[in-house]
There are 2 protein chains.
Amino acid sequence: MPPDLNLRISPRTVQRETVDKLRLAIFSGLFQPGSRLIESQLCAQLGISRPSLREALRSLEAERLIEIVPNRGPSIPSLSWEVATAIYEVRELLEVEAAGRCASRISPEQLRELEKSLSAFEEAASSNDSLAQVMTAADFYSIILANCGNPILEEVHRGLVARISFFRGRSMSLEGRAQSSLAEMKEIFECIAAGDEKAARKASKNHLLKAKAAAKMSMDSEM
Amino acid sequence: MPPDLNLRISPRTVQRETVDKLRLAIFSGLFQPGSRLIESQLCAQLGISRPSLREALRSLEAERLIEIVPNRGPSIPSLSWEVATAIYEVRELLEVEAAGRCASRISPEQLRELEKSLSAFEEAASSNDSLAQVMTAADFYSIILANCGNPILEEVHRGLVARISFFRGRSMSLEGRAQSSLAEMKEIFECIAAGDEKAARKASKNHLLKAKAAAKMSMDSEM
DNA sequence: TCAAGAAGATTGTCTGACATTCTTGCAATC
DNA sequence: GATTGCAAGAATGTCAGACAATCTTCTTGA
């Protein structure tokens, strides 16, 4: 009779997910931009050693989710509007292309998934949970990107969106932004469902421009 | 009279450059794709401890320059043609945009730099040093990207180019590729110098298509 | 009030260790 | 002879503890 079978399932794999935990914490806005991350504190909170933590921090640094200044340690970068604009511009470039490709190649099954994620966002949009709004909207995009036929496009896009996730929560909180965002996303969906590549690009571009403007507004009012 | 001033200049900063050393080693094709990197060996070669090395490896992993499989350790990823194509496509998207923007905003001073880098490539092209060719060509692109007015575009592009650097050395070695590449780059330069945005985009797109085709040819012949 | 110095905190790095997992070569069996 | 199983070695994943270098902050003195 084996006494303790599977008492600790995946004992080592857990630590490897440190990056994901931290990334999620940054996404959800747990840390203020500009605030420093103290290694010893994080170690205690995550229950891992400093070497392991520092590995995770290096990954996040490479993803530009944190900054590590020599002898000052890691901190959450405060996004300037200049950089945010640049990110939005590149995002537009990628997302418009992805929407266009997606329109002409998505499978019926994935199209249903896309519709489902749109419904999820619709539900979130009627609530006041801006985190849920950002998450469901991200699902919508990621389905489009996953079906554009170019894994690199998807990967780069994900990296960029991650860096402005902080913003997006704020801009979603703007009066009426979630609803108009919903309308724009529905338009994108319709174009993709119709297989109209050109229209999908246009709808996607329009959505991005609006999102960018909303982000700017939320930033101006905050700071 | 200070006895030993700057005996060890930047004693701690040196280790921080481990990532750069490794990155350069990967660029120059020191490691075969698919080959494993043994931590203890690298530690000895670089003269650093395992924790420090592992931090550096995490950075490179996040940049997709190496792969780290759990319990198997780091290795050089072997680029499939599928992924390489995807990278070329995104690179085209970014580079065409950058060339267009650059045409309408580059300063006379930077334009001279661009011309200089073109001359450097011209010289390298007449030699058989394919590493020099790749390096000088990279300089040419990076000046364009640095003058497109979007730092993110530049950053993402750099990351992508790094991942296919292995290829580019091979394709440059193709008979006549360096010369035709030179002609295409000259064309791009002329368009930018003339401030013709549309033509710059077209020339850039043409160049990328040719480069992609050359890369495919070199890959087919190798494997 | 402001500047210089000291104490504390934090990072950068190392050594050493150990459990887990993978690889490889050998032996035993069919 | 080929295949399977096992065991030894190698390599990774993770940790604890330590120490110098650097930054921050607070105190003290001019």
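Predicted model: local features only at pLDDT ≥ 70, side-chain atom pairs only at ≥ 80, totals over all residues.
**View 1. Lys116(B) is partly exposed because 13 C-beta neighbours lie inside 10 Å.** A residue is buried with 20 or more other C-beta atoms within 10 Å of its own, exposed with 12 or fewer, and partly exposed in between; C-beta atoms are placed from the backbone. Lys116(B) sits in helix H6 (residues 108–126) of chain B. Helices (H or I, at least four residues) and strands (E, at least two) are DSSP runs, numbered from the N terminus. Residues are numbered from 1 along each chain as its sequence is written, while chains are lettered from A and ligands numbered from 1 in the order in which they are written.

**View 2. The largest nonpolar core holds 90 residues.** Such a core is a set of buried Ala, Val, Leu, Ile, Met, Phe, Trp, Tyr and Cys residues joined through C-beta atoms within 7 Å. Ile144(A), Ile192(A), Ile144(B) and Ile192(B) touch the most other members. Beyond its neighbours within four places in sequence, Ile144(A) contacts Ala98(A), Ala99(A), Cys102(A) and Leu114(A). Contact means C-beta atoms, placed from the backbone, within 7 Å.

**View 3. Chain A meets chain B through 22 residues of chain A and 23 residues of chain B.** On the chain B side, helix H1 (13–16), helix H4 (50–62), helix H5 (81–103) and helix H8 (151–163) each supply at least two residues. That side has twelve nonpolar, three polar and eight charged residues. Ala, Val, Leu, Ile, Met, Phe, Trp, Tyr, Cys and Pro count as nonpolar, Asp, Glu, Lys and Arg as charged, and the others, Gly among them, as polar.

**View 4. Chain A divides into domain 1 (13–75) and domain 2 (81–222).** The bounds come from an automatic or database domain assignment. The C-alpha centres of the two domains are 27 Å apart. Seven residues of domain 1 contact seven residues of domain 2. The domain 1 side of this contact has three nonpolar, two polar and two charged residues.

**View 5. Chain A contains eleven helices and two strands.** Their order along the sequence is α-α-α-α-β-β-α-α-α-α-α-α-α. The C-alpha trace spans about 55 × 55 × 35 Å along its principal axes. Of the 223 residues in chain A, 37% are buried.

Methods:
Contact = placed C-beta atoms within 7 Å.
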